[in-house]
Amino acid sequence: MDKFGVQNPALKAIAETPKIPEMLHAEIELNNTVNFYGGRIKNLTSDGEVSATGMHKKFGVLVIVAPAEGIFKTLKLLRNDVILKVNGVPVNDVTELSKIVANQKMETILIWRNQSEKLIQNRK
């Protein structure tokens, strides 16, 4: 199974190698993340993120790296979860999430996981 591509020497001499574009977009997305309880989060902004998470619109905060400490570790947030509400308050972006977490005791969190909403309650 090593006979892929152009095999004829005459054709091989004129065959061009395709140009592969650089992955600039991935680097930009990484730069938009924020440290959050030992993990990383970002606003859900791109069509690719909406598609990958199964969301129907650009709303909420995307978990890039699962939190490794604090209440969000206890609540077992996972990579690719989308935080939709905290204590019933809608979370549109990272700034809103930070304000809610700073000013309220964590009772419930509504996330989007595996193409459906999931309500997690803090049992403490």
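The legends below describe close-up views of a predicted model.

**View 1. Overall fold of the predicted protein.** The secondary structure consists of five helices and seven strands. Along the sequence these elements run in the order α-α-β-β-α-β-α-β-β-α-β-β. Of the 124 residues, 32% are buried. Among contacts with a separation of 6 or more, 44% are between residues 24 or more positions apart. The protein exposes about 8,600 Å², and carbon and sulfur atoms supply 54% of this area.

View 2. Leu11 lies in helix 1, which spans residues 9–14.

View 3. Helix 5 covers residues 94–103, and its buried residues are Val94, Leu97, Ile100 and Val101. These four lie on the same side of helix 5 because they cover an arc of only 125 degrees around the axis. The face turned away from the buried side carries the exposed residues Lys99, Ala102 and Asn103.

**View 4. Packing partners of helix 5.** The buried residues of helix 5 pack against strand 1 (34–36), strand 2 (39–43), strand 3 (61–65), strand 4 (82–86) and strand 5 (89–90). Helix 4 (70–74) is also packed against by these buried residues.

**View 5. The N-terminal end of helix 5.** Asp93 caps this end of the helix. A side-chain oxygen of Asp93 lies 3.2 Å from the backbone nitrogen of Thr95.

Definitions and conventions
Residues numbered from 1 in each chain as written. Predicted model: local features only at pLDDT ≥ 70, side-chain atom pairs only at ≥ 80, totals over all residues. Heavy atoms only, no water. Helix = DSSP H or I, 4+ residues; strand = E, 2+ residues; numbered from the N terminus. Buried < 20%, exposed > 50% of the residue type's maximum accessible area, 1.4 Å probe, protein only. Contact = heavy atoms within 4.5 Å. Areas by Shrake-Rupley, 256 points an atom, 1.4 Å probe, with all protein chains shown as cover. Arc of directions from axis to C-beta. Polar contact = N/O pair within 3.5 Å; in protein donor to acceptor, adjacent residues only side chain to side chain.
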